[in-house]
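Subject: Handover of a structure and the findings on it

Dear colleague,

Please find below the structure that I am passing on to you.

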Amino acid sequence: MTHLGGAESTLFWFAAPLSVLGALTLLFARKAVHAAMGMAMTMILLGIFYITEQAEFLGIIQIFVYSGAVMMLFLFVVMLVGVDSSDSLVETIRGQRVAGLLFGLALLALTISGVARTTFPSFIGLDKANASGNVSGLANLIFGKYVWSFEVTSALLITAAVGAMLLAHRERLRPKLSQADWSRRRIREGVNVAGLPVPGVYARHNAVDTPALLPDGSISELSVSRVLKARGQVVNTQTLTAATEEFEESTGDSTQEEGGQQ
Amino acid sequence: MNGPDYSYAPLLFFAGIGAAFAVFSVFAASIAGPKRYNRAKADAYECGIQPSPHAEGGGRVPIKYYLTAMLFIVFDIESVFLYPFAVSFDRMGLFALVEMVLFVVTVFIAYAYVWRRGGLEWD
Amino acid sequence: MAVAASSMHALAMNTDHPAADFSDTPWWLSLIKAVLLFVILLLNTLLVIWFERRVIGRMQQRPGPNRAGPFGLLQTLADGVKLALKEDVTPKNADKLMFIAAPIIAGAMAFVAFAIIPLSGSVWMFGHHTPLQLTDTPVAVLLVLAVAGVGVYGIVLAGWSSGSTYPLLGGLRSSAQVISYEIAMGLALVAVFLYAGSMSTSQIVLAQKGIWYCIPAFFSFIVYIITMVGETNRLPFDLAEGEGELTGGFHTEYSSLKFAMFFLGEYVNMFTVSALATTLFLGGWQAPPGIAAIGGGMFNGGWWGLLWFFIKLWLFMFFFVWLRGSLPRVRYDQFMRLGWKVLIPTTLVWVVAVAFIRAAQLGFLGDSKAWGGIPRATLIVIAVIAVIVLAIAWVWDTKQARKDNEVTAPPDEVNPFAGGHPVPPLPGQRLVEPVPAIAAAPAARSSVDNHSEEPRG
């Protein structure tokens with residue numbers, strides 16, 4: 001099979017430039033998330049290429065594991081950095097670029113020498129390789145010839161899990177308090193037994209940044225979140241009540257009238 | 001040579017139709033709808049409070065999710081090995097079963113470790 | 001001749017390949033089928049949104065939408081048109097490219113997976129004998145999982161690109177939720193593959209001629225049902241859009257048809273996971289037992305298959321609505337605990353157990369037969385599994401009992417003001433007879449004082 005089939009070549013000429021585009025996006029995109037998405041696109045297209053070569057299981061797994069799982073990890077890692085950050089071109093470690101270039105060239109030389117020395121046995125052909133079905137053929141290899149590497153893979157997976165724990169896990173210093181624990185503690189301490197007061201509701205505004213008013217007209221500090229206070233986002237209630245007071249001045253205090261009289 | 005008697009072409013047709021529909025809808029929306037500019041509309045929606053200038057923490061993701069994604073990969077790869085095993089188990093015999101149990105038990109060690117250390121707790 | 005015979009034999013043994021025969025399906029027929037399937041999915045989505053609102057309405061003692069068209073059937077269409085005429089707002093902090101790409105990914109990816117669902121067996125269509133299934137491959141079921149994995153990008157990107165707090169948190173939550181439940185779902189499917197010996201959907205349906213897999217793989221079925229609700233972000237697992245905490249979740253900043261794409265994606269995903277459940281566990285398009293036997297299977301297959309398939313599919317849709325009508329939302333840590341600490345380990349154990357049961361059935365553990373022709377090995381394996389399950393249940397039960405004993409039993413009599421705050425009595429408890437208020441005030445205070453001074457001794 002030296003010539004591509006009609007549909008296959010059409011697909012190839014359509015998908016190959018796209019996958020190159022994805023790879024270039026990875027290299028040149030300013031935002032890390034765009035770069036990651038370019039890579040994800042290349043991964044998916046690679047899976048499609050595998051499928052057209054009748055390596056169906058491999059192709060689907062390429063999409064399933066690389067695009068679905070590994071790229072999701074990349075995306076999370078990239079997002080750890082934040083939305084607004086883009087690649088900075090300043091070297092943080094001196095000599096980093098030179099070392100990177102050297103190691104890259106060394107890897108390239110290693111790969112080329114490895115590939116050059118490879119000798120292929122004569123091809124047995126796709127029909128024979130896939131005779132018992134693509135998936136079953138692969139299963140026979142995994143649980144036959146390559147069973148040792150398969151078992152070793154599990155050790156690799158353990159390493160991955162342990163490494164992730166070391167990198168990302170934060171040990172809890174004291175036990176986590178559940179809703180019931182908090183409620184019990186409030187009752188026992190006798191402070192804010194019914195929970196903190198809710199934010200105030202005004203005629204023109206009722207979001208969480210408006211403090212509630214106490215009976216004497218002063219604001220309740222407890223009714224707005226500490227975070228909002230620290231950010232200085234708490235609304236000044238004077239502006240909200242001023243309009244009402246103005247209105248009351250011109251029409252008389254409506255709260256004094258009872259019995260629904262207008 | 002005999003190709004398989006199924007093909008992936010219909011899948012591409014279907015994906016194409018779906019994608020075309022989605023692209024058409026998204027761009028149709030920007031044409032069909034009214035455009036009345038309003039500065040408050042373009043602000044982030046935060047239920048009525050003054051929107052914070054950036055998403056929380058500069059739009060950063062808690063590191064916790066890294067752990068979840070990594071564990072997802074570990075189990076994903078485990079299940080990927082289970083699929084060919086399941087499909088051709090009929091034709092492989094006891095040896096494959098023993099191999100698979102060994103594999104599952106080994107990966108379970110990693111799982112037990114993560115559990116003991118509290119990596120599966122969420123706040 | 002001998003070679004041909006052996007290759008024929010190999011082909012007969014080969015369950016990798018789809019059972020559905022697509023050799024008489026020209027490409028233009030595939031295209032027609034693709035368009036038809038797309039239209040069917042869209043119409044079903046329009047219908048199911050109406051159905052959901054009506055059924056939820058009934059469950060809450062109100063009529064639901066009943067104005068647009070007969071029985072309010074056109075309500076969803078009207079809503080769609082209205083959405084299209086709404087302003088398309090892009091927040092100023094948004095990452096424009098990804099903000100547009102996210103709904104496209106979510107909308108497009110939702111459709112792809114449905115292509116491998118067999119709606120029925122082969123029928124005559126435009127002079128060709130073709131299966132009522134768009135396509136099938138040896139890895140068809142994995143394709144659904146792979147597409148679901150790619151679909152998560154839509155959620156993550158929507159959350160991230162909005163440049164706003166709630167969508168970011170909602171997007172992360174949803175994506176963590178989907179990937180967590182995808183593991184349990186993928187593991188649950190392994191039991192089905194073990195029984196069917198294939199991942200091709202038409203082959204799996206064919207393998208359920210004798211018995212539907214919801215019986216031999218009952219635990220997988222239960223796990224799948226739970227995970228499919230988690231995968232589609234539906235109640236009681238719709239934490240990503242917990243209105244009280246995150247407003248709309250990842251699509252908070254979306255409006256107009258971009259929002260409609262997420263909405264459409266959610267409902268098409270519901271159809272896909274339900275259709276997969278039908279195919280893998282409920283015999284796909286096959287008629288229910290009983291009807292299947294009538295007239296030598298005249299109602300089993302052909303165009304009749306569509307009827308059975310859609311009945312089963314819509315039963316799942318009703319189930320989704322029923323859940324929404326009955327259950328409150330769970331808390332996020334509870335949800336993750338269920339996924340990681342309950343579903344994943346139990347499903348793994350279940351898969352190993354099924355592997356042993358299969359090994360016994362296939363005679364890998366010895367061929368001797370016990371009573372009534374049941375292989376002895378099968379009985380032994382099932383007995384061992386039963387003993388292990390009972391042992392685990394017993395250990396858990398004693399642990400729970402010990403925990404219960406640790407909690408000191410409440411006293412029979414309770415003074416409601418002992419702790420300083422009024423406490424209602426527990427069932428079976430008796431209140432200390434209240435003393436008249438004026439006399440009680442000093443008495444209660446002294447009792448409180450006594451109480452607080454006790455530790456000081």
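The notes below take the chains and their contacts in turn.

Please bear in mind throughout that this is a predicted model.

Chain A

The domain assignment divides chain A into domain 1 (9-83), domain 2 (133-166) and domain 3 (197-250). Between the C-alpha centres of domain 2 of chain A and domain 3 of chain A there is a distance of 61 Å.

An unreviewed UniProt entry annotates residues 12-29, 36-52, 58-81, 101-126 and 146-168 of chain A as "transmembrane region". Two of these spans were examined in the model. Residues 36-52 of chain A are 100% helix and 0% strand, with their end C-alpha atoms 25 Å apart. For residues 101-126 of chain A, the figures are 65% helix and 0% strand, and the end C-alpha atoms lie 39 Å apart.

Contact between chains A and C

On this interface, 24 residues of chain A meet 24 residues of chain C. Which elements of chain A give two or more residues to the side that touches chain C? They are α2 (32-52), α3 (56-80) and α6 (134-142) of chain A. Of these, α3(A) gives the most, with 11 residues. Sorted by class, the side of chain A that touches chain C holds 16 nonpolar, 7 polar and 1 charged residues.

Contact between chains B and C

Here 61 residues of chain B are in contact with 76 residues of chain C. On the side of chain B that touches chain C, two or more residues come from each of α1 (9-32), α2 (56-59), α3 (64-87) and α4 (94-116) of chain B. The largest share of that side belongs to α1(B), which supplies 17 residues. By class, the side of chain B that touches chain C consists of 41 nonpolar, 10 polar and 10 charged residues.

Chain C

Chain C, the partner in both of the contacts described above, contains 14 helices and 4 strands. It has 457 residues, of which 47% count as buried. When contacts within chain C between residues at least 6 apart in sequence are considered, 74% of them join residues at least 24 apart.

With kind regards

Note on methods:
Residues are numbered from 1 along each chain as its sequence is written. Chains are lettered from A and ligands numbered from 1 in the order in which they are written. This is a predicted model: local features need pLDDT of at least 70, side-chain atom pairs count only at pLDDT 80 or more; totals for chains, interfaces and linings use all residues. Domain bounds come from an automatic or database domain assignment. Two residues are in contact if their C-beta atoms, placed from the backbone, lie within 7 Å. Ala, Val, Leu, Ile, Met, Phe, Trp, Tyr, Cys and Pro count as nonpolar, Asp, Glu, Lys and Arg as charged, and the others, Gly among them, as polar. UniProt positions are given in the numbering used here, feature names are shortened, and annotations may be inferred rather than shown by experiment. A residue is buried if 20 or more other C-beta atoms lie within 10 Å of its own, exposed if 12 or fewer, and partly exposed in between; C-beta atoms are placed from the backbone.
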